[in-house]
Amino acid sequence: MPKILVAEDERDIRELIGFTLRFAGFDVVLAANGVEAIKKASQVQPDLILLDVRMPKMTGYEACRRLKEDPTTSTIPVVFLSAKGQDGEIKEGLSSGALEYIVKPFAPDELTNQVKDILQRLESSE
């Protein structure tokens with residue numbers, strides 16, 4: 001079962017994403033901010049990291065850059081989840097090392113399908 005790390009500062013959204021992905025059969029680890037996400041990523045070595053962009057202590061962009069600079073986490077794919085869907089925001093997310101950028105709000109089944117699709121594409125490209 002693929003392991004997914006979800007970093008989201010809004011508790012209700014974080015819990016909803018966690019519940020949704022667990023219901024779909026994923027092993028989910030939750031983090032409340034970018035600093036916590038970096039720490040947990042190196043500990044649990046997830047198959048995929050979902051990062052919110054706007055978080056306290058460290059933005060998702062900075063967390064993504066640090067994850068990509070660290071040899072222990074550099075190969076873990078990162079996907080941004082954000083309400084900020086402007087072109088500049090998306091470009092910054094992708095240039096910081098993210099694989100994709102999913103704009104909020106999204107339906108739970110939409111998120112599950114996108115995560116499954118990303119993991120399948122990653123698996124087939126190995």
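Pro105 sits in the loop that joins β5 (100–103) to α5 (108–125); helices (H or I, at least four residues) and strands (E, at least two) are DSSP runs, numbered from the N terminus. The peptide bond leading from Lys104 into Pro105 is cis, with omega near -5 degrees. Another loop, between α2 and β3 (48–52), holds Gln45. Gln45 is not a glycine, yet its phi is positive, at about 50 degrees. Most residues other than glycine have a negative phi, and most peptide bonds are trans.

The model is predicted: local features need pLDDT of at least 70, side-chain atom pairs count only at pLDDT 80 or more, and totals for chains, interfaces and linings use all residues. Residues are numbered from 1 along each chain as its sequence is written, and side-chain values use heavy atoms, with hydrogens and water left out.

**Helix packing**

Two packed helices are described by the angle between their axes and the distance between the axes. Axes are lines fitted to C-alpha atoms, for helices over the stretch in contact, and angles run from 0 to 180 degrees between N-to-C directions.

| Helix pair | Angle | Axis distance |
|---|---|---|
| α2 (residues 34–44) and α3 (residues 60–69) | roughly 25 degrees | within 9 Å |
| α1 (residues 11–23) and α5 | about 60 degrees | 10 Å |

Helices α2 and α3 are therefore roughly parallel to each other, whereas α1 and α5 are therefore oblique. Angles under 35 degrees count as roughly parallel, over 145 as roughly antiparallel, 65 to 115 as roughly perpendicular and the rest as oblique.

The α2 and α3 crossing is right-handed. Gly34, Ile38 and Ala41 of α2 make the contact with Ala63, Arg66 and Leu67 of α3 (contact means heavy atoms within 4.5 Å). By class, this contact has four nonpolar, one polar and one charged residues. Ala, Val, Leu, Ile, Met, Phe, Trp, Tyr, Cys and Pro count as nonpolar, Asp, Glu, Lys and Arg as charged, and the others, Gly among them, as polar.

The crossing of α1 and α5 is right-handed. From α1, Ile17, Thr20 and Leu21 meet Pro108, Leu111, Thr112 and Val115 of α5. The contact of α1 with α5 has five nonpolar, two polar and no charged residues.

**Largest pocket**

The largest pocket holds about 250 Å³ of space. A pocket is an open set of points on a 1 Å grid over the protein atoms alone, where a 1.4 Å probe fits, with protein on both sides within 12 Å along at least five of seven lines; lining residues have an atom within 4 Å of a point. Grid points are joined across faces, edges and corners, and a volume is the space filled by probe spheres set on the points. Among the lining residues are Pro2, Pro46, Asp47, Thr75 and Glu126. The lining divides into five nonpolar, two polar and three charged residues.

Conventions:
A crossing is left-handed if the near helix is turned anticlockwise from the far one by less than a right angle, and right-handed if clockwise.
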